[in-house]
Every structure is written in structure tokens, then in C-alpha cells.
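Hi everyone, thanks for coming.

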Amino acid sequence: MSIIITGATGFVGQNLTSYLNSHHMSTHALSLRDSTWRNSFPKQGDALIHLAGKAHDTTNTSDDEEYFKINYDLTLILFDEFLKSNIKDFFYFSSVKAVADTVNGCLDEIVEGKPATAYGKSKLKAEQYLVSQTLPNQKRLFIIRPCMIHGPGNKGNLNLLYNVVRKGIPWPLAEFDNQRSFLSIDNLSYLITQMLLKRELPSGIYNFSDDQTLSTNELVETMSQTLGKKTRLWHIPAGLIRACVKIGDILPLPLNSERLKKLTESYAVSNDKIKTALGIEQLPLTTREGLAITIRSFQNRSHLK
């Protein structure tokens, strides 16, 4: 198989490329940074996996127009090139945040999109354009909505939590009760590989997540066990915490309202649709197993510094 990947130098791109190559698939990186990329756009291939995009900025300093220019406008141009080519499949990596910033219950693919951020709105607008287009015979379109992805080389809120646990600092947000879905990079790569191999799989929108949800307290417990440390949880009143983090919205502190929300909110995502379509009972890694791999990679990285 010949797979073209945009955003191949990013966290997901690097790991997915390595995984596909290890499964005897040929990969080709397509950089969209230079406006001349259309001149070298490949006309043949089994799939085009579009990972490149502007990620959600938790500092809320990005210009809204930039999200739409990168996540919407660029996707349209790329998809039009795909339609004119002989490439069979188009994978668009969207996000669960394209449909919901908060979740009550468990998020599935039929929920009507109501994103609150420019990031989510730009992703949803791209989705809507893609599904409105007529696909030629033998071509497939897959819109992938992953939840929070993690793995070796990952940067983000998991690193913040890891450093708290590593230093033996008690977790001060134990009073918040939640359930969250995670997605290990290995499970993501496995699902993409299975989708590529199953030609009878229909086009559509598919959520990606691990099989189990965890509370943040359980995540702290998993980190502590992986690091060989005692789990330390502090049950400080939630109201007091919310009042304190408002200072972080003004000053450059590690914890602000946006990060508090990400660390403590519930966000459960269903992966039933993709597993049923692929005939899979369970993914290769459990949520705890995948997180343990990520935590050990953080630990190894710390030792190298």
C-alpha cells in the first residue's frame, strides 16, 4: 500500500508513519507549508491521511481566522486535489471538539455539532464541506474524530499531571468527579491500519477512543503505580479551586480555567461504531496499558535531561 500523509512530522504523524511502515505499508510525507505543494501532489495512492491542521490553543491567544484558514480552507483545496487524483481513500482528522466542548453521557457520531470554539467550528465546517461532496466510484471518505491522543513524544496536559505526580505533590483536584476517554497512539494507528485493509468498510464519520474511561483520580493512580509512587489525593473544595485558578487566567501560572476544565471535566466518547464496522471486540491496549506506556516515555525523557 502507498499512503500519503500530511502533518507527518507532528506527534500523530510520526507515530502513525512508523506504525504503517512496520506493517509493510509505504508512506509519503506531503508538506502543505509551502504554497507550491499542489505542483508535486501525487496522482496515485491507496490513501491520503490529512493530519495537518491548527491544534486547539488552550491559551486562547490564536486568531480565529487562522483556524479557518488552516483547518477549513486548506482542507478544501487538498480534498479537491484528491477528487481529481486516482487516490482511493481520504482520511480527514477532525476532533470530538468539532461537535461538543462538553459532554453529558457518552458522545457518539449522531450528536448534532455545536462547537463553542473557533477550533471546533473550523473543524466542523470542514466536515460539512467534505460530506456535501459527491464521491466518484471506488473512492472513500473517512472523517475521524479522536478524543485526547497520547503516547511517546506527546506534549500537553498529561505532562502537567505527570510532573505533579513525579514530584510527589498531592493531587489537589480529587474532589472533582469525572469520567474521561483517552486514545493511545497505538490504538489510533491500529484502527487506521484496519480501515485501510478493509475495503468494504463504508465511508463515514467515526469516533476514535480507547475502550475504557477513567476519572482523573484514576489517572493519577495509574501514573503513581507506573512510577512506583504512593497515590496522593487531596479533596479540596471544588469552589475554592475554581476561585484560585482565576488568578491563572491573568498571570502565567501552570493552572488556569481552561486547563482546570480539561483536567476535571467529564468527556466520555463511544468507539462502538468503528469497532462494529471493523468487527473488533476490543482494541489492542486497554486505557491503563496505553497510559502506562506514555508515562514511562515521560519518565525516560526526564532521565535523559
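Arg-38, Lys-43, Glu-81 and Lys-84 are linked in a salt-bridge network. Please keep in mind that this is a predicted model. Let's take the network apart. Arg-38 and Glu-81 meet through their side chains in a salt bridge, with 3.0 Å from N to O. That pair links distant parts of the chain, 43 residues apart: Arg-38 is in the loop between strand 2 and strand 3 (47-50), while Glu-81 is in helix 2.

Glu-81 also has a salt bridge with Lys-84, where the closest N and O atoms are 3.3 Å apart.

Arg-38, at 41% relative accessibility, counts as partly exposed. Lys-84 counts as exposed because its relative accessibility is 58%.

How many salt bridges does a search of the whole structure find? The search gives 10. One more that I'd like to show you joins Glu-265 and Arg-180, with their closest N and O atoms 3.5 Å apart. This pair, too, links distant parts of the chain, 85 residues apart: Glu-265 sits in the loop between helix 8 and strand 11 (268-269), and Arg-180 is in strand 8 (residues 180-184). Both Glu-265 and Arg-180 are buried.

Arg-180 leads us to a neighbour, Thr-216. Beyond its neighbours within four places in sequence, Thr-216 is in contact with Leu-161, Trp-171, Asn-178, Arg-180, Leu-263 and Thr-264. You can find Thr-216 in helix 6 (residues 216-227). Its relative accessibility is 4%, so Thr-216 counts as buried.

Just after helix 4 comes Gly-168, which takes a positive phi of about 75 degrees.

Now, positive phi turns up in residues other than glycine as well. His-24 has a phi near 65 degrees, and you'll find His-24 in the loop between helix 1 (11-22) and strand 2 (26-30). With a relative accessible area of 73%, His-24 is exposed. Gln-138 is not a glycine either, yet its phi is positive, at about 75 degrees. Gln-138 is placed in the loop between helix 3 (118-132) and strand 6 (140-146), and at 66% relative accessibility Gln-138 counts as exposed.

Let's finish on the surface. Which residues gather in a patch of negative charge there? They are Asp-63, Asp-64, Glu-65 and Glu-66. Glu-65 has its place in helix 2 (residues 64-84), and its 62% relative accessibility makes it exposed.

There is a nonpolar surface patch as well, of about 400 Å², made by Ile-247, Ile-250, Leu-251 and Leu-253. Ile-250 is in the loop between helix 7 (238-245) and helix 8 (257-264). At 72% relative accessibility, Ile-250 counts as exposed.

Note on methods: Residues numbered from 1 in each chain as written. Predicted model: local features only at pLDDT ≥ 70, side-chain atom pairs only at ≥ 80, totals over all residues. Heavy atoms only, no water. Patch = residues over 30% accessible without salt bridge, like charges linked within 9 Å, V, L, I, M, F, W, Y side chains within 5 Å. Areas by Shrake-Rupley, 256 points an atom, 1.4 Å probe, with all protein chains shown as cover. Salt bridge = Lys/Arg side-chain N within 4 Å of Asp/Glu carboxyl O. Lys, Arg positive; Asp, Glu negative; His and termini not counted. Charge placed at Lys NZ, Arg CZ, Asp CG, Glu CD. Helix = DSSP H or I, 4+ residues; strand = E, 2+ residues; numbered from the N terminus. Buried < 20%, exposed > 50% of the residue type's maximum accessible area, 1.4 Å probe, protein only. Contact = heavy atoms within 4.5 Å.
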